[in-house]
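Trainee: Let's go through this one together. I'd like to know what stands behind each label.

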Amino acid sequence: MAFKWENGKIKRVELPKKLPKKLAKKLEKYWEETEVDFSYLDYIDELDIKVVDETGKTIKF
Amino acid sequence: MKQVKQLNSKIIIPDFLNLFKDGFKTNREKELLVSFIKEHNKSKNTFYVLEIENKSVGMVSLKFDNINTNPTLDVEYLFVHKDYRKKSFACLKNKKISQFLLDFVIKNIAPKIKSLVNFRYLSIYPDKQNKKLIKYYLDLIPNSLLLHYKKENWILLKI
């Protein structure tokens, strides 16, 4: 769900809960056949970013 | 010093807006954030706020959703303080704030959540359905899928 601004008003935008067959098939094919390589994100490990909760307590990732 | 703060508890709207004081380019941005804070206060999402040198410079809001019955982690809002937009930061390995926030969600938060509760996709609704922003996201997130349905574009990433 997201919000968008339309004619000066905020309107909800929902993720499609039921896709037509063709799009559902496209989505399933993407899930089945795509290999995602996340190695481009390895730089994050070098940043030494701390994640904390509202009390300042460290959350381990 | 840089850190990401996870917020789950109730947020007082003026206090949170004050974190990004003078950070809104338009009233629209502020009003959208208020809408997400209201959702947050109904326990519908979690906020992650990036702080650099004790200043809040950007945030991302995440929630569970589904697309065609597939569980999805939805990046429902990504906001960067206006003074920090379109700039790269050495402390973030020369990434922009928006890029870092998305990368951080994909690299750290999504796998952590998936290890506890299974889901398939990360979803993003590009603000204003802006074509440049859609291209920006598609370039930023390799192997993502652009899904167009009923005049709306969503970007999905297999997690």
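Trainee: In what order do the elements of chain B run from the N terminus on?

Mentor: They run β-α-α-β-β-β-β-β-α-β-α-β-β. Remember that this is a predicted model, where local features need pLDDT of at least 70, side-chain atom pairs count only at pLDDT 80 or more, and totals for chains, interfaces and linings use all residues. Residues are numbered from 1 along each chain as its sequence is written, while chains are lettered from A and ligands numbered from 1 in the order in which they are written.

Trainee: Why is chain B called as compact as a globular protein of its length?

Mentor: Its radius of gyration is 15 Å, and the globule rule gives 15 Å for 159 residues, so the label holds. The radius is taken over C-alpha atoms, and the rule is 2.2 Å times the number of residues to the power 0.38. Those C-alpha atoms fill a box of roughly 40 × 35 × 30 Å along the principal axes.

Trainee: What share of the 159 residues in chain B is buried?

Mentor: Buried residues make up 38%. The test counts other C-beta atoms within 10 Å of a residue's own: 20 or more is buried, 12 or fewer exposed, in between partly exposed, with C-beta atoms placed from the backbone.

Trainee: Why does B:K25 count as exposed?

Mentor: B:K25 has 12 C-beta neighbours inside 10 Å, so it counts as exposed; the cut-off is 12 or fewer. B:K25 is in the loop between α1 (13–19) and α2 of chain B. Its C-alpha atom is 9.2 Å from that of B:D83, 58 residues apart along the chain.

Trainee: What makes B:K86 and B:N94 stand out in phi?

Mentor: Both have a positive phi without being glycine: near 60° for B:K86, near 65° for B:N94. Most residues other than glycine have a negative phi. B:K86 is in the loop between β4 and β5 (88–89) of chain B. B:N94 is in the loop between β5 and β6 (95–96). B:K86 is exposed because its count is 9; B:N94 is exposed because its count is 11.

Trainee: Which residues touch the most other members of the largest nonpolar core?

Mentor: B:V60, B:L101 and B:V105, in a core of 47 residues. A nonpolar core is a set of buried Ala, Val, Leu, Ile, Met, Phe, Trp, Tyr and Cys residues joined through C-beta atoms within 7 Å. α3(B) gives the most, with nine residues. B:V60 touches residues including B:Y48, B:V75 and B:L101.

Trainee: How many residues of chain A are in contact with chain B?

Mentor: 34 residues of chain A are in contact with 38 of chain B. Contact means C-beta atoms, placed from the backbone, within 7 Å. α1(A) gives the largest share of the chain A side, five residues.

Trainee: How do you know that β3(A) and β1(B) pair?

Mentor: Pairing takes at least two bridges found by DSSP. These strands have three, in the parallel sense. In one bridge, A:V51 partners B:V4.

Methods:
Helices (H or I, at least four residues) and strands (E, at least two) are DSSP runs, numbered from the N terminus. Two residues are in contact if their C-beta atoms, placed from the backbone, lie within 7 Å. Lists of a residue's contacts leave out its neighbours within four places in sequence.
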